[in-house]
Amino acid sequence: MPGFDIFSVETPCYAVDERLIEKNMRILRSVSERTGCRVLLAQKAFSMYSLYPLMAQFLDGTTASGLYEARLGFEEMKGKEVHIFSPAYRPEEFEEITNICGHIVFNSFSQLKRFIPDLDKAQARGRHIEVGMRVNPEYSEIETEIYNPCAGISRLGVKAEDFEEAFLDRLSGLHFHTMCEQGSDVLERTIPHFEEKFGRYLPKMKWVNFGGGHHVTREDYDVDRLVRVISYVQDKYGVQVYIEPGEACALNAGFLVASVLEVFESGGYSHAIIDASAACHMPDVLEMPYRPRIIGAGEKGEKAYSYLIGAATCLAGDSIGVYSFDKPLSVGDRLVFCDMAIYSMCKNNTFNGIGLPSIYRIDKQGRAVLHKKFGYDDFKCRL
């Protein structure tokens, strides 16, 4: 079971366990203590800011994909570093970005050149900003193309052939992101490609950011190898290494609790309709795609009773998958989906007028404390 009373919460809901968040934080902190690298929270994966004060005890800051995430990190993880990267910045937002971000990473030299006057103005106001450039080592082992930032026509990062050395004096660091839910062995194989294409610039840099996708807190992750890779780059080039995991910060630290609304037979299948939705509440199930684990359930046919679990929406494909159970499902039963802290809250939506799940924080005593409840107004205000 998930470590709290699943009938003490209303459904559907996300429940994030601060004890599991802290466990992940301690693993990440051990990496920074052993290497001197700096670890940032990639907020695109996890932005439950009520936990930022806890996370701030272990992390060095946050990284953002746009102004709103940058503001969130600045306001809620006070006193910590704020980094930002975007494929293109909006001119009307850039002054505010320079006011709250200490590290600004550009995606192209044309973007850098466009905003040099704004960077100079910020410096004149007394702002110290570390400017970085995202580069594309043209190497990746990601199999799902939609998540592959190094795909052939990727818009993300400067290729070696397009690197403009004339602007090196404007840069403090380089940033690359080539991984997704992967181990340190992939990073180790990536570094030679990065060095081959961009290593000659590193002696002029203060830092290099290895990006995200590092599954550092996964049970089988080789932390020692990560430590070796980070130390190798830092020692060889005299740079500060950053990593910016998102998933690893909240991996396996949250749950989605749903109730069974209906059970029926159709087309040779037993169907169970629940009050949670793949399309609305766990979009990566359809986008990645993947099959989330349900506590106590097995694969199709593994246990005595199998059900196709679907949502109460009109989208025909809004199904989570076929699961089997030791006993028949009944209306009112509760299903607990695992690893639902990451991306779910950041990507959910109200398609079909389906309400957003409540958010609970599981405290250190295992009590479910309601953090946020949503209603009709949250649906209506977006329209």
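1. Glu181 counts as partly exposed at 34% relative accessibility, where partly exposed means between buried (under 20% relative accessible area) and exposed (over 50%), with a 1.4 Å probe and protein chains only. Glu181 has a positive phi of about 55° although it is not a glycine. Its place is the loop between β7 and α6 (184-198); helices (H or I, at least four residues) and strands (E, at least two) are DSSP runs, numbered from the N terminus.

2. This is a predicted model, in which local features need pLDDT of at least 70 and side-chain atom pairs count only at pLDDT 80 or more, while totals for chains, interfaces and linings use all residues. Residues are numbered from 1 along each chain as its sequence is written, and side-chain values use heavy atoms, with hydrogens and water left out.

3. Glu138 also has a positive phi, near 60°, and is a residue other than glycine. Glu138 sits in the loop between β6 (130-134) and β7 (173-175), and is partly exposed at 37% relative accessibility. Glu138 forms a salt bridge with Lys197, with the closest N and O atoms 3.9 Å apart; a salt bridge is a side-chain nitrogen of Lys or Arg within 4 Å of a carboxyl oxygen of Asp or Glu. This pair links distant parts of the chain, since Lys197 is in helix α6, 59 residues apart from Glu138. Lys197 is partly exposed, with a relative accessible area of 23%.

4. The whole structure holds 29 salt bridges. One of them joins Asp284 and Lys347, with the closest N and O atoms 2.7 Å apart. Asp284 is in helix α10 and Lys347 in helix α11, so the pair ties together parts that are 63 residues apart in sequence. Asp284 counts as buried at 14%, whereas Lys347 is partly exposed at 27%.

5. Within helix α1 (residues 18-35), Glu22 and Arg26 are four residues apart, about one turn of the helix. Their side chains meet in a salt bridge (2.7 Å, N to O). Glu22 is buried, with a relative accessible area of 13%. Glu22, Arg26 and Lys364 are linked in a network of salt bridges.

6. Two cis peptide bonds deserve a check by eye. Thr11 and Pro12 are joined by one, with omega about -10°, and Pro12 is in the segment before β1 (13-17). Met288 and Pro289 are joined by another, with omega about -20°; Pro289 lies in the loop between α10 (284-287) and β12 (305-311).

7. On a 1 Å grid over the protein atoms alone, a cavity is a set of points where a 1.4 Å probe fits but cannot get out, a pocket is an open set with protein on both sides within 12 Å along at least five of seven lines, and lining residues have an atom within 4 Å of a point. The largest cavity has about 40 Å³ of space. Its lining includes Thr63, Val105, His175, Asn209 and Glu244, and strand β4 (residues 81-85) gives the largest share, three residues.

8. The second largest pocket is lined by 18 residues, of which Met345, Asn348, Ile359, Lys372 and Phe374 lie nearest its centre. The elements that give two or more residues to this lining are α11 and β16 (368-372).

Notes. Points joined across faces, edges and corners; volume = space filled by probe spheres on them.
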